[in-house]
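User: Please take a close look at one part of the model shown below, namely the way in which its copies are related and meet. A connected account would be welcome.

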Protein chains: 2
Amino acid sequence: MQASGWPSVITMAGPGSPIVAPFMMSVPASNWSLQPQLENDSALVGDLPLSRLLVMKDANYPWLLLVPRRAGVSDLIDLGEPEQAQLMAEIACASRALKAITSCDKLNVAALGNIVPQLHVHIIARRNGDAAWPKPVWGAAPAKACAPEALAQLIAALRRAIPLA
Amino acid sequence: MQASGWPSVITMAGPGSPIVAPFMMSVPASNWSLQPQLENDSALVGDLPLSRLLVMKDANYPWLLLVPRRAGVSDLIDLGEPEQAQLMAEIACASRALKAITSCDKLNVAALGNIVPQLHVHIIARRNGDAAWPKPVWGAAPAKACAPEALAQLIAALRRAIPLA
């Protein structure tokens, strides 16, 4: 498996110009830990008020995960209404950053969880001609190892664009 | 192709006991029409304040679509923030109703749109052992024709459970 970068990742503006404002809502932590398979398949970007932001280690697509730090939550409707609203704000924040960084053609946003039930939201930057296009990414192409410097570059761009704890 | 119902659809409580409260927000209409492929593949349930609620005519899964009635919108982040929040409220409302009606094992919620760019959110009731389980539904099994009475029963249950215009 060849280690690759994401050809569409471009450099963002510097740390003085975040593309989103800080969140108004602060959510307390709870008894929660990241499910091991999600941890194994991803790299940490940082924490938003509700969710942990991760990058999937698959060079086929720039692919984020948002995982609300709430124990025992599997479906969106297992969150309370304020947390649902906060999750939507965090999805929008991460989506805007990912679109700005990658100049992608389309965003795919999904909460599936049939195999890993811990609630996690996929946010995937899709490009006409990518490894699965126009199909959804799941099961479409084997994961492709990421070059460490490409992964670090994407994480750094996300950290500049998103106000993280 | 055999016309079938959804084996997991159960009858809801009567019209006097909606499972959700009416929405607080009213959103004005705009120049919008449902994309023809979505219209062809689905049956109308009704309108929420922001979105049209549809049932996909695929007896493999109880499968809803929410389509915000906004022209030219492809990604979640193309909506304004109040509309994003409203869409999340409508996703939660439709999801709760679908889960109550079907007693499903898992909900799958996704906004993909690689083929049909008009923003639409899939809400799918998944069951361990269904035609695609545990994979995502897209491309997993050919659509299975719905028996008209099963489709009508699901639509009626949704209309009892959800406050529609």
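This is a predicted model: local features need pLDDT of at least 70, side-chain atom pairs count only at pLDDT 80 or more; totals for chains, interfaces and linings use all residues.

Analyst: Residues are numbered from 1 along each chain as its sequence is written, while chains are lettered from A and ligands numbered from 1 in the order in which they are written.

Two copies of a chain are related by a rotation about an axis and a shift along it.

The contact between the chains draws 28 residues from chain A and 28 residues from chain B, two residues being in contact if their C-beta atoms, placed from the backbone, lie within 7 Å. On the side of chain A that touches chain B, H2 and strand E4 (106-111) each supply at least two residues. H2(A) provides the largest share of that side, 8 residues. By class, the side comprises 16 nonpolar, 6 polar and 6 charged residues; Ala, Val, Leu, Ile, Met, Phe, Trp, Tyr, Cys and Pro count as nonpolar, Asp, Glu, Lys and Arg as charged, and the others, Gly among them, as polar. Because 100% of the interface residues of chain A are also interface residues in chain B, the copies meet through the same surface.

One residue of strand E4 (residues 106-111) of chain B is Ala111(B). Ala111(B) has 21 C-beta neighbours inside 10 Å and so counts as buried, the term for a residue with 20 or more other C-beta atoms within 10 Å of its own. Beyond its neighbours within four places in sequence, Ala111(B) is in contact with Val109(A), Leu76(B), Leu119(B) and Val121(B). Leu76(B) is 35 residues away from Ala111(B) in sequence, with 7.7 Å between their C-alpha atoms.

As for the chain itself, chain A has 3 helices and 5 strands, which are DSSP runs numbered from the N terminus (helices H or I, at least four residues; strands E, at least two). Their order from the N terminus is α-β-β-β-α-β-β-α. Of the 165 residues of chain A, 41% are buried.

H2 (residues 81-102) of chain A also packs against helix H3 (residues 148-161) of chain A, at an angle of about 125° and with the axes 10 Å apart. Axes are lines fitted to C-alpha atoms, for helices over the stretch in contact, and angles run from 0 to 180 degrees between N-to-C directions. H2(A) and H3(A) are therefore oblique to each other, as angles under 35 degrees count as roughly parallel, over 145 as roughly antiparallel, 65 to 115 as roughly perpendicular and the rest as oblique. Ala97(A), Ala100(A) and Ile101(A) of H2(A) make this contact with Ala157(A), Leu158(A) and Ala161(A) of H3(A). The contact of H2(A) with H3(A) has 6 nonpolar, no polar and no charged residues.

Terms used: A residue is buried if 20 or more other C-beta atoms lie within 10 Å of its own, exposed if 12 or fewer, and partly exposed in between; C-beta atoms are placed from the backbone.
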